[in-house]
Amino acid sequence: EVVMATHSPVMDQVEEPAWDIAKLFPNQGEWGEDDYLALDTNHLVEFTNGYIEVLPMPTIPHQRLVFFFQRMLWAFVVEHHLGEVLAAPLRIRLRPRKYREPDVVFIAKGHEDRYQEQFWRGADLVVEVVSPDDRNRDLSKKRSEYAQAGIPEYWLGDPEQQTITVLWLEGETYVAHSAFPSGETATSRLLPGFTVAVSTIFAAAQA
């Protein structure tokens, strides 16, 4: 008995990205906040004045660093009943028409009014692990944006330099609380008693 294969037009199609799906979305520069918040994706997507930016998928070492930062901060915050800690993907509204997705976010107890279903309005502390694809985004752009949003403390974990820099908001700009190299222990000004051993966290990320 000969079984004839059923022909399907799908088999003739060349596998290509579904570019046509872009027609379902606004053009760059024309996105509204509602359009952005309606996006359903597992990618990190940030929004600025009508433009969206799809961030590259994080590397495994990057993910490990974020995990350890979140775990250590979460444990300290829970032990002392200080608020809530979450990690990306989580949209943070810095101002109208401006959203970022920090790697780790802390909101202090008493600031629950900042919680929204689709995003948080600002934060009290954010952590970013510097991404190799665009170091300036974390070291300069976000530094300025988080300061303008009034976020009191900004932690930067830099795998390339093996440092943790803790920035503290004074007025409308950040100053370095300290830059902690490998072998030292990073400390928080906002959360006295919260510490991170720099060598340990970077070693764990390479495990």
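Which residues of the largest nonpolar core touch the most other members? Here are some notes to get you to the answer.

1. Some ground rules. This is a predicted model, where local features need pLDDT of at least 70, side-chain atom pairs count only at pLDDT 80 or more, and totals for chains, interfaces and linings use all residues. Residues are numbered from 1 along each chain as its sequence is written, and side-chain values use heavy atoms, with hydrogens and water left out.

2. Pairing here takes at least two DSSP bridges.

3. Glu128 faces Leu156 of strand 9.

4. Now the core, meaning buried Ala, Val, Leu, Ile, Met, Phe, Trp, Tyr and Cys residues joined through side-chain atoms within 4.5 Å, with buried being under 20% relative accessible area (1.4 Å probe, protein chains only). The largest one has 27 residues, and Phe69, Leu73, Phe106, Trp155, Ile164, Leu191 and Ile201 touch the most other members. Helix 3 gives the largest share, seven residues.

5. Take a look at Leu73: leaving out residues up to four places away in sequence, its contacts (heavy atoms within 4.5 Å) include Val85, Val104 and Phe106.

How values were computed
Helices (H or I, at least four residues) and strands (E, at least two) are DSSP runs, numbered from the N terminus. Buried means under 20% relative accessible area, exposed over 50%, partly exposed in between (1.4 Å probe, protein chains only).
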